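This note is written for a colleague who is meeting the structure for the first time. The numbered points below take up one topic each.

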Amino acid sequence: MTAMDASTSGRRGRSTSIGALVLRRAGSGLLTVWLISVLVFLAVHVLPGNAAIGLLGRDTNQLALHALTKQLGLDRSLPYQYWHWVTGFVTGKWGDSLVSPQPVSALVMRHVANTAVLTLFTMLITVPLAIVVGTWCAVRNGKAFDNGVSMVTLCLSAIPGFAIGVLVIYLLATNVLHVLPAASTLDPTASVWTQLKFVVAPMIAVVLSTVPYPLRMVRASMIDVLQSDFVMMARLKGLPERRVIFRHALRNGLGPMVQSLTLTLVFLTGGIVVVETVFSYPGVGYALVQAVNERDVPVVQTLVVLIALACVLINLISDLAVIAVTPRLRSRS
Amino acid sequence: MNSPVDRRSFLIGGAGALSLAALAACTSGSSSNSAATSGKTSSGPAKRGGTLVVGSLGSNKDTLDAHQSSTDMDQQRCQNLYDSLTYLEGTLPYHFKPALAESIEVGADAMTATVRLRPGVEFHNGKTVGAEDLIFTMQRILDPKNPGRAHTAFAAVDPSGMTKLDARTVRFAFKSPDAIFGKRWGSATTSILPVGFDPKHPVGTGPFKFKSFTPGSRSVFVRNPNYWIEGQPYLDELQIIDFADNTSRTAAVLSGQIQALDGVEPAVLGQLSSAQLETLITKSGFYQPITMRIDAKPFSDVRVRQAFRLMVDRPAMVTQAYSGYASIGNDMPDPADPGYPSLPQRHQDIAQAKSLLKAAGYEGMSVTLTTAPENGSLVNSAQVFAQQAKAAGVTVKVANLTPDAYDANFTNWPFTNGYWAAGIISTGYAGRFLAGGGINDSHWDDPAGTAIYQSLLKATDEAKQTELSGELLKRFYDLGPDIIHSFKQNIDAYSSKLTGFAPFNSNGWSLGAWRYRLVSYK
């Protein structure tokens, strides 16, 4: 076998094993999503009341309750109701909300779009902020800048999300400055992209409450790397510090960074109920809480499964990204 | 009060004194004038134009189907899109004015009623309101497959006994006497809808026309230029925005994103007063009674019920549980009822309470009061009562449940506090106080009271109805299942740039009971 043959077969071997990894992860991910859908379905049915009772309220009577229960299909067996939902979901026929005169798809997708935009802008700020400030803190480890940032991030992670939200409203919308809308009263008939002013305040609150974790992870991983033998070697070789940090240390610290940022992204994907509530931002967390309160099973199910699918996908991509930036893992696979 | 649902049911049922004679005598012109001026609080002609944005607590359950409307949000939307045969006035005592009806006349035997519609009123699609629309409306409410929320109020109406006498006159036949038929209209759930009504494309006769609607989010309505009250409404556009959270709603009014909000907590009043906002305080008959189930011990003994009523320090309850935003009650509901009797105010009397309990064999008793964090001060008032009961040697344990757990079993708790709307007893009696009534949470079963109620349904004379209502209410004072310690007030806030909001004291609902047709910019 020539050297070239060996290297070709090696590449093919790697791509096959990565393909197998993706398939295996996707398979177990789908199984997880299915289990989640069953558990959530059962959990919603364990709660007292149902959509018909919720809709009719306390002063209902048996005639109205029976009529509505039948109309909503709540008189069918639980396995039938679950099967009805799951076949509809898989074939793209998500049906109508139980409590609201609108299709599940319209209701869900509106909130998904809002959360996606909020998440996108949050990550656009959080990722560079965490990497740049985290790295700089590691470089300036123990100095005034690092201590200052540590104190601020510690404070931010200690303050509950709703308090940060209220503080942002107080400072930027109602009392000190009046530069942002206090509530994200998005017009549901227009695209969120045309109303980005309503995204700014919740985004600031979300960034402030989520950035401490990835920032501190980046700092910790960079401190580790900067104290490692190969960085010392690079410095001893006489490489300029900038080159040491960017060419050697940062690349080696990328793995933990990707993982911590992935966790942040997964956290954001499910919607941040607290911040969404404080700003009345119509995201998925807000929609999910409402749907659970209303026992709107198809909406709860669809939202949960979409969130679970997104988490599985993000984790899969993150694993691949970690493999891509970690030579050790690349060669092992 | 209440879950909006309960308020509504009481409005349907409880609506007070529509004077049939007066209604019949009204001409369309005179009623229009009175309606047009009734809600104005400031002098001078109202300015036309502008958009009003109201923030309310809402959810995906929002509907524009008037006959299914239940929450406050639904009420305010539907009251602005549709009209009923009558509308409730905000002033006391409880009374109605004709809206789409020119007259409602109940037959001498109370077994029929003839409704004559106001001439020349148009739906938003240009169709003139006719007898066929009234018949369609009643059929739609009584449809057994999808009954409207008012179907219990119209239980006496024979669905096959409606006759179109001419283009704008319908005669209704009843299965049983219903002298108060004319008082059952007025709420959004009795809105007159055109034949073939489709809730996806809502068409009514109201002051505003549908533009867009997203449940749980926003409703946008525009001015109806053909509204039957000349000159109204004054606003060009009305937007109602749903909030799930009060903090966000308060911030929105402070930052000027919304111009009005209902149900303000007393705690935030100070913050609002500094922000160019007016407050609107509505006195009402909303009540959060402590209810005793009369079909089980110990409350089956009237001495125990009276002892419990004597344990409450009512002025302290108003101050401690309602921050002073309530008035003292006298163990009878519906203070706006024209028949509300003037009886001695009941005060705290610990010695008498102890003596009654001793006589009944329940000295030093212990009981669990079931409550839930609903309707503002519900839990507060339960806790204040528990404190006050200690003086009589009674231990009251407060079980604070989640709203779901509480509501799921709400007609079965032995000792609980609920929340109910203001109305009149004649239309509210059947649901909450007749044996088997859908919301009879005290399991009240009073044969003498039922006999008075049956006489009331046969009494076509207004004065007789008032007298019998008074007799019914007195039975609650003497024997009733509720400790009605106070009547809660509603607090709303609106931008000081607006005018036209007047307290709706008759039923106590918010924001001038959502009569946005009377609201304008200064």
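1. A residue is called buried here if 20 or more other C-beta atoms lie within 10 Å of its own, and exposed if 12 or fewer do. The model under review is predicted.

2. With these terms in place, helix α14(B) may be considered. By this criterion, its buried residues are B:Gly449, B:Ile452, B:Tyr453, B:Leu456 and B:Leu457. Seen down the axis of α14(B), these residues fall within an arc of 140 degrees, so they line one face of the helix. An α-helix has 3.6 residues a turn, so residues three or four places apart point the same way.

3. Which residues are carried by the face of α14(B) turned away from its buried side? Exposed residues B:Pro447, B:Ala448 and B:Ala451 are found there.

4. Turning to the interface, 40 residues of chain B are in contact with 39 residues of chain A. On the side of chain B that touches chain A, two or more residues are given by each of α1 (4-14), β8 (208-214), β10 (237-243), α6 (246-254) and α12 (403-408) of chain B. The largest share, five residues, comes from α6(B). Sorted by class, this side of chain B has 18 polar, 15 nonpolar and seven charged residues.

5. As for chain A as a whole, its secondary structure comes to 15 helices and zero strands. The C-alpha trace of chain A spans about 85 × 70 × 35 Å along its principal axes. Of the 333 residues in chain A, 37% are buried. Among contacts in chain A between residues at least 6 apart in sequence, 72% join residues at least 24 apart.

6. A:Leu172 has its place in helix α7 (residues 161-174) of chain A. Is A:Leu172 buried or exposed? A:Leu172 counts as buried because it has 20 C-beta neighbours inside 10 Å. Leaving aside neighbours within four places in sequence, A:Leu172 is in contact with A:Leu177, A:Val179, A:Leu180 and A:Ala201. The C-alpha atoms of A:Leu172 and A:Ala182 are separated by 8.0 Å, with the two residues ten apart along the chain.

How values were computed
Residues are numbered from 1 along each chain as its sequence is written. Chains are lettered from A and ligands numbered from 1 in the order in which they are written. This is a predicted model: local features need pLDDT of at least 70, side-chain atom pairs count only at pLDDT 80 or more; totals for chains, interfaces and linings use all residues. Two residues are in contact if their C-beta atoms, placed from the backbone, lie within 7 Å. Helices (H or I, at least four residues) and strands (E, at least two) are DSSP runs, numbered from the N terminus. Ala, Val, Leu, Ile, Met, Phe, Trp, Tyr, Cys and Pro count as nonpolar, Asp, Glu, Lys and Arg as charged, and the others, Gly among them, as polar. The arc is that of the directions from the helix axis to the C-beta atoms.
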